[in-house]
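Me: I would like to learn how to read salt bridges and sheet layout in a model. Could we work through one example?

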Amino acid sequence: MQINVTRWLSLVTRDAVASATATVGTTGPDGTVQHLSEHRLAAPGLLRWSYTVRDADGEVHRRCDGRHLVQVSGDGEQLSSPVPEEDSRDDPRYFYSWPAVVDAWLVELLRPVDLLSRVVVSAVTEPDATGLVHIDASPLGNEPSPYNGFALPDRRTLRIVLDPERGCLVAVTVSRVDRPPLTCRLTEFV
């Protein structure tokens, strides 16, 4: 497999996403999948984005227009924070960007380098017939709180499916001894 490293690095560290949708679900012992949530992101830039999470508890919307970060809860309550005009030590503009606000696991699907830097890889396959690469990994160590990405050090193992052509992870399955496998899958990505 040959890859244009310059192009690939720009993809796996992207700062914009036209549109992405991901689902989270568990797989029971009989193979049935239980859908838990759906996550939608549109991010034309780091500080211009919209994010919606839909689950059994309802919907939560977050958005940033470059001037305000807004969160609207399922009951309609709205919170707004101004985005600072300039970076400061106590309030950097990055705190308002989609990679900082959106669920970390979704950021890791869209920016694979964020996850790959936090894991120990135990196996990698050659690309399959569809060009996807399958990776087995486990978390490297403790992550600072709050962090809700894939690399939590709770004795989990990860089965990662990388699409090297698009520079994203199309699925990550988290397996733990005491719980059914949890799969986060990128269902739409432009």
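Me: Which side chains meet in a salt bridge at 3.1 Å, N to O?
Reply: Those of arginine 111 and aspartate 114. Keep in mind that this is a predicted model. Arginine 111 and aspartate 114 are both buried.

Me: How many salt bridges does the structure hold?
Reply: Twelve. One of them joins arginine 118 to glutamate 108, with the closest N and O atoms 3.5 Å apart. This pair links distant parts of the chain, ten residues apart: glutamate 108 is in helix 3, and arginine 118 is in the loop between helix 4 and strand 7.

Me: Is glutamate 108 buried or exposed?
Reply: Buried means under 20% relative accessible area. Glutamate 108 has 1% relative accessibility, so it counts as buried. Arginine 118, at 24%, counts as partly exposed.

Me: What salt bridge does aspartate 163 make?
Reply: Its side chain meets that of arginine 166 at 2.8 Å, N to O. Aspartate 163 is buried at 12%, while arginine 166 is partly exposed at 33%. Elsewhere, salt bridges with shared partners join Glu38, Arg40, Arg54, Glu59 and Glu188 into one network.

Me: In what order do the strands of the open sheet lie?
Reply: Strands of a sheet pair through backbone hydrogen bonds, either parallel or antiparallel. Here eleven strands follow the order 6-5-4-3-2-1-11-10-9-8-7, with antiparallel pairing. Strands 6 and 7 stand at the edges with a single partner strand each, so one side of each has no neighbour in the sheet.

Me: How many bridges join strand 5 to strand 6?
Reply: Five, and the two strands run antiparallel. Histidine 68 stands opposite proline 82 in strand 6.

Notes. Residues numbered from 1 in each chain as written. Predicted model: local features only at pLDDT ≥ 70, side-chain atom pairs only at ≥ 80, totals over all residues. Heavy atoms only, no water. Pairing = 2+ DSSP bridges. Helix = DSSP H or I, 4+ residues; strand = E, 2+ residues; numbered from the N terminus. Salt bridge = Lys/Arg side-chain N within 4 Å of Asp/Glu carboxyl O. Buried < 20%, exposed > 50% of the residue type's maximum accessible area, 1.4 Å probe, protein only.
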